[in-house]
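I set down here what I looked up, entry by entry. The sequence and structure come before the notes.

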Amino acid sequence: MRGQWLQRRGGAALTLVFGGWALGPGPFTALVGEADVLFVDDYRDLETPIAACGDYDELRLFAFSFGVASAAHWMARTGTKVSRRVALSGTLYPAERARGIAPEMVRATAEGLTSQSFAKFCTRAGLRGPAPEIDLIAARDALLAVVARGPAPETRFDRIWIPERDRIIPTAAQECAWQDQAEALRRVPGPHLPVKAGETWDRW
């Protein structure tokens, strides 16, 4: 995995953000709050504990898109405990037709990945502004790793946000995936990436 600090003030709490595929930290840099924020992505390797987590009294998880399943795999493999878990626009079944994205679609995206196709993906996801830089080989391998890894272990979340107009992981698939955690579900207007500049981490 790859980590990047979005905010580091030396507080007692850390918000650990598992980002989505290839979108980078940009969508989350404009959220505001008091806790330190560490963004991670590149989920080809999920075996390594994050050393910084041990420096905090409280650890919170915010997982987005394919980061939801990746975070669940990572917690199970490393034994990391968090006090609060939030999922946005993702499921524990990232490469599954009924509860995620059909595996053949994920493979086709990986195998046909170009700068142009990635830019179209960013637009469909709701990313504001230009697409971030992308390492096409690493991004392709990351998608294929998601398919190979399969569903994540059963994981309970305190809050699960489902966008009403998700064109990446279909809204209906997310609803199906989280049926047994209905008490945690909340609908949010907007696309796959519904966060907006100036919103607070507490809001999410």
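Which strands does H1 lie across, and at about how many degrees does H1 run to E4? I found that H1 lies across E2, strand E4 (58–64) and strand E5 (84–88), running at about 140 degrees to E4. Helices (H or I, at least four residues) and strands (E, at least two) are DSSP runs, numbered from the N terminus. Axes are lines fitted to C-alpha atoms, for helices over the stretch in contact, and angles run from 0 to 180 degrees between N-to-C directions.

I noted the basis of the entries: this is a predicted model, in which local features need pLDDT of at least 70 and side-chain atom pairs count only at pLDDT 80 or more, while totals for chains, interfaces and linings use all residues. Residues are numbered from 1 along each chain as its sequence is written, and side-chain values use heavy atoms, with hydrogens and water left out.

**Sheet.** I traced an open sheet of seven strands with mixed pairing, in the order E1-E3-E2-E4-E5-E6-E7. E1 and strand E7 (185–188) are at the edges with a single partner strand each, so one side of each has no neighbour in the sheet. From one strand to the next the twist averages 20 degrees. E2 and strand E3 (residues 36–41) run parallel and are joined by five bridges; two strands pair if DSSP finds at least two bridges between them. I located Phe18 opposite Val40 in E3.

**Ala69.** I placed Ala69 in helix H1 (residues 66–78). Ala69 counts as buried because its relative accessibility is 2% (buried is under 20% relative accessible area, exposed over 50%, partly exposed in between, with a 1.4 Å probe and protein chains only). Beyond its neighbours within four places in sequence, Ala69 is in contact (heavy atoms within 4.5 Å) with Thr91, Leu92, Pro94 and Ala152. The C-alpha atoms of Ala69 and Pro153 are 8.3 Å apart, although 84 residues separate the two in sequence.

**Gly11.** I found Gly11 in the loop between strand E1 (2–7) and strand E2 (13–18). Gly11 counts as partly exposed because its relative accessibility is 36%. Apart from neighbours within four places in sequence, Gly11 is in contact with Asp36 and Tyr56.

**H2 and H4.** I looked up helix H2 (residues 103–111) and helix H4 (residues 136–149), whose axes come within 9 Å and cross at roughly 165 degrees. H2 is therefore roughly antiparallel to H4 (angles under 35 degrees count as roughly parallel, over 145 as roughly antiparallel, 65 to 115 as roughly perpendicular and the rest as oblique).
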